[in-house]
Amino acid sequence: MAAGAVGAAAVAEVGSPRQFEELLRLKAKSLVVVHFWAPWAPQCAQMNDVMAELAKEHPQVSFVKLEAEAVPEVSEKYEISSVPTFLFFKNSQKIDQLDGAHAPELTKKVQRHASVGAFPPSGTEHPKEDLNLRLKKLIHTAPCMLFMKGTPQEPRCGFSKQMVEILNKHNIQFSSFDIFSDEEVRQGLKTYSNWPTYPQLYVSGELIGGLDIVKELEASEELDTICPKAPKLEERLKVLTNKASVMLFMKGNKQEAKCGFSKQILEILNSTGVDYETFDILEDEEVRQGLKTFSNWPTYPQLYVKGELVGGLDIVKELRENGELLPTLKGGN
């Protein structure tokens, strides 16, 4: 299907970077939802069905399928590391992202972004009481919560970048919320906290303040006493790699692989009948990056036996071909 052929209840399919850019340009005034998918992943097929239903309910929204591994230029540009991933665009700019096969969350995001600017304030979906309840839950999501522009990996303003640098420098364990992903939260939190700017840092549900306050706390050496410390990464990785006799660090989990290499290694391990546990590196960026250094192995999946690195997919394939895989998994050399 051509890039511009998005009908009232159709899902377009894009096959090249040029088609993708053209579609974003043509549909700049509407919401564009792009599903980065792969034919080998059954969860992607399910989400394609969900998108088809959403396309019927929201004819003003453009829904697009893009095979992630077939159009690598686009996948790399937007740092797509797993499937399914959904990106949301308005005015040719990315405004939101959803990782994984979460149909209810996809539906919510489509409804929210499709309605922004489409209705007068009196038609707001959530009453103020509901918003306050939601904000209260958000600030209590983790002992230390940072509301910022962008993410810790990709801050989208200088103040947010500085805040993340300070927290990381002091080894403070925190979770974050990207206010660009939700306009309702972005505006509502200013009133809720009586604090007009971002970033905002909360500890145990209480507002600490913005960047200036955090800098003052750092200068007075109070920051370390207020915010929770993260366990040392190396200790954590030792515990994780020894969590089970056979541990696989992968994209996804036993039930749902999120990349082709992880899917292949699961099939090989399942064929051995040996018990093993998995860790989804997409759920924890600190582990994802730290384990590469810890193991001196730059890619995933990574297989460990009794806390020792065996290797990645190619090594596992070689061991299987040589008849050495089963003895290795059972703790042999």
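Ser 75 is found in helix α3, which covers residues 72-77, and in this predicted model Ser 75 counts as buried, at 6% relative accessibility. Leaving aside residues up to four places away in sequence, Ser 75 touches Phe 36, Leu 66, Ala 68 and Ile 80.

## The protein as a whole

The protein has 333 residues, of which 44% count as buried, and its secondary structure comprises 14 helices and 13 strands. Along the principal axes, the C-alpha trace spans about 70 × 60 × 30 Å. Among contacts with a separation of 6 or more, 64% are between residues 24 or more positions apart. The protein is divided into domain 1 (12-112), domain 2 (141-226) and domain 3 (234-330).

## Where domain 1 meets domain 2

The centres of domain 1 and domain 2, taken over C-alpha atoms, are separated by 30 Å. Five residues of domain 1 are in contact with five residues of domain 2, and the area buried between these two domains is about 310 Å², with carbon and sulfur atoms giving 22% of that area. Between domain 1 and domain 2 the count is one salt bridge, and the count of residue pairs in polar contact, both at pLDDT 80 or more, is likewise one. On the side of domain 1 that touches domain 2, strand β5 (residues 93-99) gives the most, with three residues. The residues of that side divide into one nonpolar, no polar and four charged.

Which residue forms a salt bridge with Arg 112? The partner is Asp 182, and the closest N and O atoms of the two residues are 3.5 Å apart.

## Salt bridges

| Pair | N to O distance |
|---|---|
| Asp 182 and Arg 112 | 3.5 Å |
| Arg 134 and Asp 182 | 2.5 Å |
| Lys 169 and Glu 218 | 2.8 Å |
| Glu 286 and Arg 236 | 3.1 Å |

Asp 182 also forms a salt bridge with Arg 134, where the closest N and O atoms are 2.5 Å apart. This pair links distant parts of the chain, for Arg 134 is in helix α5 (residues 128-139) while Asp 182 is in the loop between β7 (175-178) and α7 (183-193), 48 residues apart. Is Asp 182 buried or exposed? Asp 182 is buried, with a relative accessible area of 1%, whereas Arg 134 is partly exposed, with a relative accessible area of 29%.

The salt bridge between Lys 169 and Glu 218 has its closest N and O atoms 2.8 Å apart. Lys 169 lies in helix α6 (residues 158-169) and Glu 218 in helix α8 (residues 211-219), so this pair ties together parts that are 49 residues apart in sequence. Lys 169 counts as exposed, because its relative accessibility is 60% and exposed means over 50%.

The side chains of Glu 286 and Arg 236 meet in a salt bridge as well, at 3.1 Å from N to O. Here helix α12 (residues 285-295) holds Glu 286 and helix α10 (residues 233-241) holds Arg 236, so the pair ties together parts that are 50 residues apart in sequence. Glu 286 is partly exposed, with a relative accessible area of 35%, and Arg 236 is partly exposed, with a relative accessible area of 26%. Elsewhere, salt bridges that share partners join Asp 96, Lys 109, Arg 112, Arg 134, Asp 182 and Glu 184 into one network.

Asp 284 is found in the loop between β11 (277-280) and α12. Asp 284 counts as buried, because its relative accessible area is 15% and buried means under 20%. Its side chain is joined to that of Arg 236 by a polar contact of 2.5 Å, and a polar atom of the Asp 284 side chain lies 3.1 Å from the backbone nitrogen of Glu 286. Asp 284 is therefore a buried residue that has such contacts both with Arg 236 and with Glu 286, the two residues whose side chains meet in a salt bridge. Not counting residues up to four places away in sequence, Asp 284 touches Arg 236 and Phe 279.

Conventions
Residues are numbered from 1 along each chain as its sequence is written. Side-chain values use heavy atoms; hydrogens and water are left out. Domain bounds come from an automatic or database domain assignment. Contact means heavy atoms within 4.5 Å. Buried area is the accessible area (1.4 Å probe) that two parts lose on being put together, summed over both. A salt bridge is a side-chain nitrogen of Lys or Arg within 4 Å of a carboxyl oxygen of Asp or Glu. A polar contact is a pair of N or O atoms within 3.5 Å; within protein, one must be able to donate a hydrogen and the other to accept it, and residues adjacent in sequence count only if both atoms are side-chain atoms. Helices (H or I, at least four residues) and strands (E, at least two) are DSSP runs, numbered from the N terminus. Ala, Val, Leu, Ile, Met, Phe, Trp, Tyr, Cys and Pro count as nonpolar, Asp, Glu, Lys and Arg as charged, and the others, Gly among them, as polar. Buried means under 20% relative accessible area, exposed over 50%, partly exposed in between (1.4 Å probe, protein chains only).
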